[in-house]
Amino acid sequence: MIGQLRNGLIEVNADGELVGELAESWEATTEGADVWRLKIRQGVEFHSGKTLGLDDILYSLNLHLAEESGSPLKTVLSGISNLERDGDDGLTITLSTGNADFPSLLSDPRLQIMQDGDTDYEKGNGTGGYVLQDWEPGLRAFATRHPNYWKADHANFDEVETIAIEDATARVTALQTGSIDVMNSVDRATAHLLTAQGDLELVVQNGYKHYTLPMRADTPPFDNNDVREAVKYAINRQEILDKVLYGFGYLGNDHPIPASLPVFATPEELPQREYDPDKAKFHLKQAGLEDLTVQLSTSEAAFDGAVDAAQLIQESAAPAGITVDIRRKSSDGYWSDVWRNDPWVMSYWSGRPTADWIFSEGYHSAASYNDAFWKNERFDKLLMEGRTELDPVKRRDIYVEMQRIVSREGGQCIPVFAADVLAKSTKLAHGPVAVNWDMDGYKLADRWWFA
């Protein structure tokens, strides 16, 4: 419902570029990118009939920034030191340290603009293209078009019903019989069968989502980088792409930057790591080992196909002298009891829109989501330099070096990036699809139309 009921300040388009939503424009007003001015769009109306104003923007930002806030964005936005009005249509945001990527943080879909004083989030009052009429948590939502929606040529449906159908077979049946028009989380193994019907087609979003195998760099044997390198070379990532993702994705290179970002390190800048048992054996010897036995904790909670992927890793690691003892864990409590606790686990990231955001949340030595517990002084220093560097060429050079460090020294093994796969009726039409989040960046109902 995120993309139906409310708008954010900034959104990401199909080219991965930032475009204004409720913020019409923005600019850094200092060379160090520590002060930003946002021009707020005028004439926008909430479903309640109230006109959008600066009070609504300030209220919404402070919901995340407040001392008592439990928002996951509190850490992301923690660099904000001051918010103040700038005229009738402007907002000045001062940061404790400069951040050239700051506008991208405002594109997070969880940062939706609420009406000032509105405390009942589930009523759905927003500036989005659809007005909530019925809401059954976990089951369905029903919304109708907002007659005074400010975006031209958007929100093209008279009404939208969003239904939760957990059973994969039931969802496919609903699509094939026309009970629903589009569904996400398509079973990759049978996705190709849907197109045989003729009136259905797939939409493949190769975006930011990637599957990871964090090795705790503070825990033996993974506190030795040669051991981590041996594990990375012992994994046949092409096999995981073919047999777990069924080709819906692309190879990872042990760093989290997706190929869709302009700072992505090309194969010429950072050669793709290949499956190589002999190199794995070499690194084991460098670590003073002839062979290695390690435990890998896995669960379908980590990602669809995680157990199958673990078995493939077990098989590919054996020729390198690495015995992988698979520990299958319950989905209940996996994220609280296993992830960030066991020495080697399976996980995933849905990705973030910039390199700074990705590295800051999961790779900086003090990051709360640094699930490999990896620390590197050079990396931390580069992260701060890249954040304040406004020259795009220099910034890209910094981020390429950071990708090299993470790939060659980090605690993350990232074998694949996974595509989000939708299936839809040919009655539905759309333009280029954004890949930053599932369902066209959560904006499907806002951007698509009936052909």
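## Close-up views of a predicted model

**View 1. Strand β11 pairs with strand β18.** Strand β18 (residues 420–425) and β11 are joined by six bridges and run antiparallel. One facing couple is glutamine 205 with aspartate 420, the latter in β18. These strands belong to an open sheet of three, ordered β10-β18-β11, with antiparallel pairing. Its edge strands, β10 (182–183) and β11 (200–205), each pair on one side only. Two strands count as paired if DSSP finds at least two bridges between them. Helices (H or I, at least four residues) and strands (E, at least two) are DSSP runs, numbered from the N terminus.

This is a predicted model, where local features need pLDDT of at least 70 and side-chain atom pairs count only at pLDDT 80 or more, while totals for chains, interfaces and linings use all residues. Residues are numbered from 1 along each chain as its sequence is written, and side-chain values use heavy atoms, with hydrogens and water left out.

**View 2. Strand β6 has partners in β4 and β5.** Let us look at another set of strands. Strand β4 (residues 35–40) pairs with β6 in the antiparallel sense over five bridges; here lysine 39 has glycine 90 of β6 as its bridge partner. Strand β5 (residues 80–86) also pairs with β6 in the antiparallel sense, over six bridges, and leucine 83 stands opposite isoleucine 93 in β6. β5 and β6 make a hairpin with three residues between them, and glycine 87 in the turn has a positive phi of about 75°. Strand β6 (residues 90–95) is mostly covered, with five of its six residues buried. Buried means under 20% relative accessible area, exposed means over 50%, and partly exposed lies in between (1.4 Å probe, protein chains only).

**View 3. Helix α12 meets helix α13.** The axes of α12 (residues 355–362) and α13 (residues 377–388) come within 10 Å and cross at roughly 145°. Axes are lines fitted to C-alpha atoms, for helices over the stretch in contact, and angles run from 0 to 180 degrees between N-to-C directions. Asp356, Phe359 and Ser360 in α12 meet Phe379, Leu383 and Arg387 in α13; contact means heavy atoms within 4.5 Å.

**View 4. Helix α12 also meets helix α14.** The axes of α12 and α14 (residues 392–409) come within 11 Å and cross at roughly 35°. On the α12 side, the contact is made by Ala355, Asp356 and Phe359, and on the α14 side by Tyr399, Met402, Gln403 and Val406.

**View 5. Histidine 146 sits in a loop.** Look for histidine 146 in the loop between β8 (140–145) and β9 (159–163). Is histidine 146 buried or exposed? Histidine 146 is buried, because its relative accessible area is 2%. Beyond its neighbours within four places in sequence, histidine 146 has contacts including Glu45, Phe46, His47 and Tyr130.

**View 6. Asparagine 225 lies in helix α7.** You can find asparagine 225 in α7 (residues 225–233). With 25% relative accessibility, asparagine 225 counts as partly exposed. Leaving aside its neighbours within four places in sequence, asparagine 225 is in contact with Arg408, Glu409 and Gly410. The side chain of asparagine 225 reaches the backbone oxygen of arginine 408 at 3.2 Å.

Note on methods. Polar contact = N/O pair within 3.5 Å; in protein donor to acceptor, adjacent residues only side chain to side chain.
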